[in-house]
Amino acid sequence: MDNILITGADGQLGSELRSLTEGRSDIQCLYTDCQDLDITDADAVEKFVTGHSITKIINCAAYNNVDGAETDSDAAIRINVTGPMNLAAAAARHGIYLVHLSSDFVFDGTKSTPYHESDKPAPLSEYGRTKLAGEIAIKRSGCLSIIIRTSWLYSPAGKKNFVKTMLRIGAEEEIVNVVYDQTGTPTYAKDLAEAILHILPQLDAVPRYGEIFHYSDEGSCSKAEWAQKIMTLKKTDCDVNPIPTSQYPAPAKRPAYSVLDKSLIRTVFGVKVPLWERSLSKAIRLF
Ligand SMILES: NC(=O)c1ccc[n+]([C@@H]2O[C@H](COP(=O)([O-])OP(=O)(O)OC[C@H]3O[C@@H](n4cnc5c(N)ncnc54)[C@H](OP(=O)(O)O)[C@@H]3O)[C@@H](O)[C@H]2O)c1
């Protein structure tokens with residue numbers, strides 16, 4: 001049986017993976033976060049992988065503060081580049097698979113149709129640049145690996161995410177300004193966790209070295225439409241006022257369009273991709 005190391009297990013994706021796998025007899029996982037295993041510490045990673053006879057790694061650890069990365073780029077580089085590099089080096093040494101997560105923010109958002117894995121990345125922000133550098137580091141390591149780019153993740157388990165922010169504002173305010181000119185796909189972290197668990201048993205059949213796959217939920221919307229859907233589902237009295245990004249200055253530039261094309265992950269691994277609105281309707285009851 002596989003012995004799977006899940007890093008960043010207290011985060012959104014890590015928590016969803018934990019609740020889908022804990023107590024199962026057909027899969028054995030070791031759940032770690034910063035306090036158990038700091039992925040930026042190469043020796044600690046190597047000791048952990050050896051000491052626990054790890055056979056696969058799912059890296060859910062990340063520095064995800066998009067605006068914070070503009071001024072704290074050292075931390076973003078350590079966690080989004082050095083960390084994945086350490087995991088990849090251990091995976092290469094031990095001949096084990098690494099599943100790594102990346103972001104739609106590697107793109108500049110100038111397209112108006114969904115991004116394919118073959119589209120050229122051109123990040124607009126330091127966060128996007130560190131996520132892209134993490135991808136490149138994994139490819140260069142030559143370890144068995146796949147990289148899954150995802151977008152606009154949310155989970156009730158998240159410390160901070162767009163759904164939680166909207167629900168807090170919705171309970172306190174009568175109106176909230178939300179940008180209408182950033183389009184993407186909200187992705188329930190539980191859907192992504194299910195997709196990863198569906199892919200995992202298929203990995204050993206084919207060696208892949210840093211191959212990229214896109215996964216988000218299906219469909220697309222603007223941030224303002226997403227906010228409106230959240231308010232409607234929760235029946236709040238808060239109105240969503242759509243505004244342009246130019247009226248909502250933020251330290252980091254975001255892509256205007258970052259919808260991901262999921263054809264490849266569907267074809268290669270037979271992953272099912274639920275509609276974002278359906279998933280949000282299910283998830284919102286848990287917030
Ligand atoms: N969130 C999104 O909207 C989004 C969008 C696109 C792609 N992604 C990607 O999807 C993946 C999962 O994201 P997520 O939203 O589940 O992330 P998350 O909720 O921010 O969780 C990341 C976890 O990693 C931990 N961590 C930070 N530094 C670490 C270190 N040095 N060693 C070990 N653990 C560390 C964090 O702990 P602390 O909280 O204590 O720092 C946190 O528990 C990431 O690769 C992310 O970049 C996310």
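# Helix pairs and selected residues in a predicted model

Visitor: Which word describes how helix 1 and helix 7 lie to each other?
Guide: The axes of helix 1 (residues 12-21) and helix 7 (residues 189-199) come within 8 Å and cross at roughly 60°. Axes are lines fitted to C-alpha atoms, for helices over the stretch in contact, and angles between N-to-C directions run from 0 to 180 degrees. Angles under 35 degrees count as roughly parallel, over 145 as roughly antiparallel, 65 to 115 as roughly perpendicular and the rest as oblique. Helix 1 and helix 7 are therefore oblique.

Visitor: What kind of model is this?
Guide: Residues are numbered from 1 along each chain as its sequence is written, and side-chain values use heavy atoms, with hydrogens and water left out. Local features need pLDDT of at least 70, side-chain atom pairs count only at pLDDT 80 or more, and totals for chains, interfaces and linings use all residues, in what is a predicted model.

Visitor: How many helices and strands does the chain have?
Guide: Both are DSSP runs numbered from the N terminus: H or I of at least four residues for helices, E of at least two for strands. The chain has 10 helices and 12 strands.

Visitor: What radius of gyration does the chain have?
Guide: The C-alpha trace spans about 55 × 40 × 40 Å along its principal axes. The radius of gyration is taken over C-alpha atoms, and the globule rule is 2.2 Å times the number of residues to the power 0.38. For 287 residues a compact globule would come near 19 Å, and the chain agrees with its 18 Å.

Visitor: What share of the residues in the chain is buried?
Guide: A residue is buried under 20% relative accessible area, exposed over 50% and partly exposed in between (1.4 Å probe, protein chains only). Of the 287 residues in the chain, the buried share is 53%.

Visitor: Among contacts between residues at least 6 apart in sequence, what share joins residues at least 24 apart?
Guide: Contact means heavy atoms within 4.5 Å. Of the contacts in the chain between residues at least 6 apart, the share joining residues at least 24 apart is 84%.

Visitor: In the contact of helix 1 with helix 7, how many residues are charged?
Guide: The helix 1 side has Gln12, Leu13, Glu16, Leu17, Leu20 and Thr21, and the helix 7 side has Ala189, Lys190, Leu192, Ala193, Glu194, Ile196 and Leu197. Ala, Val, Leu, Ile, Met, Phe, Trp, Tyr, Cys and Pro count as nonpolar, Asp, Glu, Lys and Arg as charged, and the others, Gly among them, as polar. By class, this contact has eight nonpolar residues, two polar ones and, as charged residues, three.

Visitor: How do helix 4 and helix 5 lie to each other, roughly parallel or roughly antiparallel?
Guide: Helix 4 (residues 73-94) packs on helix 5 (residues 126-141) with the axes 9 Å apart, at an angle of about 15°. Helix 4 and helix 5 are therefore roughly parallel.

Visitor: Which residues outside its sequence neighbourhood does Thr130 contact?
Guide: Thr130 lies in helix 5 and is buried, its relative accessible area being 2%. Leaving aside neighbours within four places in sequence, Thr130 is in contact with Ala76, Ile77, Asn80 and Val81.

Visitor: Is Cys143 buried or exposed?
Guide: Cys143 lies in the loop between helix 5 and strand 5. Not counting residues up to four places away in sequence, Cys143 touches Ala88, Ala91, Ala92, Leu98, Ile138, Arg208, Tyr209 and Gly210. At 1% relative accessibility, Cys143 counts as buried.

Visitor: How far apart are the C-alpha atoms of Gly8 and Phe48?
Guide: Gly8 sits in the loop between strand 1 (3-7) and helix 1, and with a relative accessible area of 9% it is buried. Gly8 touches Gly14, Thr32, Asp33, Cys60 and Ala61, with residues up to four places away in sequence not counted. Gly8 and Phe48 are 40 residues apart along the chain, and their C-alpha atoms are separated by 14 Å.

Visitor: What is the phi of Trp152?
Guide: Most residues other than glycine have a negative phi. Trp152 lies in the loop between strand 5 (145-150) and strand 6 (153-154), and at 10% relative accessibility it counts as buried. Trp152 is not a glycine, yet its phi is positive, at about 40°.

Visitor: Is Lys235 buried or exposed?
Guide: Lys235 lies in the loop between helix 8 (223-233) and strand 12 (239-243). Phi of Lys235 is near 55°, a positive value in a residue other than glycine. With a relative accessible area of 71%, Lys235 is exposed.
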